[in-house]
2 protein chains.
Amino acid sequence: MQHKSFADMTCPIARSLEHVGEWWSMLILRDAFGGTTRFDDFQQSLGIAPNMLTRRLAALVEAGLLERRRYSERPPRDEYVLTERGRDFKPVLVALVAFGKKHFAAPGRAVPSRFAGVFSPPPLPSAPPPRSTPRRAAKAARP
Amino acid sequence: MQHKSFADMTCPIARSLEHVGEWWSMLILRDAFGGTTRFDDFQQSLGIAPNMLTRRLAALVEAGLLERRRYSERPPRDEYVLTERGRDFKPVLVALVAFGKKHFAAPGRAVPSRFAGVFSPPPLPSAPPPRSTPRRAAKAARP
């Protein structure tokens, strides 16, 4: 995709998109929040071409949202784990979940079970209320 | 960019990205929240090629996030206004602002003034506290 570098812009939205604006990157982060860490698991989940997945993982490591960790020496194998910066991206995905559920829900189809609870309850004023009871929600909200 | 259709996925994140995942789309929405409505103003703000801007605006209208309104018959001129669905996208941009400010801030450079206040205070638990005084904040938080 052709575009000028958004990193030159002062806007924090533009500067964030420079690092995580690519479609696949957000879905890789979504899977990482769901507990995925290994190349083959990302690939199977996303149906993404291996060379594209390699590039996007490298970009997310470069941007400091994922950390590469070796978990096997023979054969050499790395896994990809969310950094603190990566975990700070969660509110963006939570907001996207709330928006997508409201406006682009797949009729009669639920959120894939491996993400159940990962991005909810959404802590946004415009989002629908969480499914837990008021008592449980109040307890969970306590510091 | 090559990708399989995210609309086939059940995940609300994937389904949202199908409609607004393109980099430019989010920046067009950002400008729309800042009050921009006209083609020339979007183009000047974004430095985007006219044919690309035409395509992205049409896609956002098609997805129901923007509405096209004729404001001049001679010459024929349209403007683009956020729909209710488009306005519901704001929490995503608010979350991106908070993330971008924390992790990819441009040193010594502030948010462009035309967006001042548009995306703040961020109503997210992990975001920095709003700049208003505690008394004002408490008052504003009252139902």
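Guide: What follows is a chat about a predicted model, taking one label at a time.

Visitor: Let's start with a pair of helices. Why are helix 6 of chain A and helix 6 of chain B called roughly antiparallel?

Guide: Their axes lie 8 Å apart and pack at an angle of about 175°. The cut-off for roughly antiparallel is over 145 degrees, so helix 6 of chain A and helix 6 of chain B get that label.

Visitor: Which residues make that contact?

Guide: On the chain A side you have A:P91, A:V92, A:A95 and A:L96, and on the chain B side B:P91, B:V92, B:A95 and B:L96. Sorted by type, the contact has eight nonpolar residues, no polar and no charged.

Visitor: What makes those residues nonpolar?

Guide: Pro, Val, Ala and Leu are among the types that count as nonpolar, so the contact of helix 6 of chain A with helix 6 of chain B comes out with eight nonpolar residues.

Visitor: How do you know whether helix 6 of chain B has the span expected for its number of residues?

Guide: Helix 6 of chain B covers residues 90-103, which is 14 residues. From first C-alpha to last, helix 6 of chain B reaches 20 Å, close to the 20 Å expected at 1.5 Å a residue.

Visitor: And what makes helix 6 of chain B "mostly covered"?

Guide: A count: 11 of its 14 residues are buried. Among them are B:V94, B:F99, B:G100 and B:H103. The cover includes helix 1, helix 5 and helix 6 of chain A, along with helix 2 and helix 5 of chain B.

Visitor: Here's another pair. Why are helix 2 of chain A and helix 1 of chain B also described by their direction?

Guide: The axes of helix 2 of chain A and helix 1 of chain B come within 10 Å and cross at roughly 170°. Over 145 degrees counts as roughly antiparallel, so that is the label for helix 2 of chain A and helix 1 of chain B.

Visitor: What meets what there?

Guide: A:W23, A:M26, A:L27 and A:R30 of helix 2 of chain A meet B:I13, B:A14, B:L17 and B:E18 of helix 1 of chain B. This contact divides into six nonpolar residues, no polar and two charged. Arg and Glu count as charged.

Visitor: Is B:E18 buried, partly exposed or exposed, and how do you know?

Guide: B:E18 has 25% relative accessibility, so B:E18 counts as partly exposed. Buried would need under 20%, and exposed over 50%. B:E18 and B:A63 are 45 residues apart in sequence, with their C-alpha atoms 9.5 Å apart in space.

Visitor: What about B:G35: buried or exposed?

Guide: B:G35 sits in the loop between helix 2 and helix 3 of chain B. With 53% relative accessibility, B:G35 counts as exposed, because the cut-off is over 50%. Its C-alpha is 9.0 Å from that of B:F115, 80 residues apart along the chain.

Visitor: What makes A:C11 and B:C11 buried?

Guide: Buried means under 20%. A:C11 is at 4% and B:C11 at 3%, so both get the label.

Visitor: How many disulfides are there?

Guide: Zero, over all chains. To count, a pair of cysteine sulfur atoms has to be within 2.5 Å.

Key
Residues numbered from 1 in each chain as written. Chains lettered and ligands numbered in written order. Predicted model: local features only at pLDDT ≥ 70, side-chain atom pairs only at ≥ 80, totals over all residues. Heavy atoms only, no water. Helix = DSSP H or I, 4+ residues; strand = E, 2+ residues; numbered from the N terminus. Expected span 1.5 Å × (residues − 1). Buried < 20%, exposed > 50% of the residue type's maximum accessible area, 1.4 Å probe, protein only. Contact = heavy atoms within 4.5 Å. Axes fitted to C-alpha atoms, helices over the stretch in contact; angles between N-to-C directions. Parallel < 35°, antiparallel > 145°, perpendicular 65-115°, else oblique.
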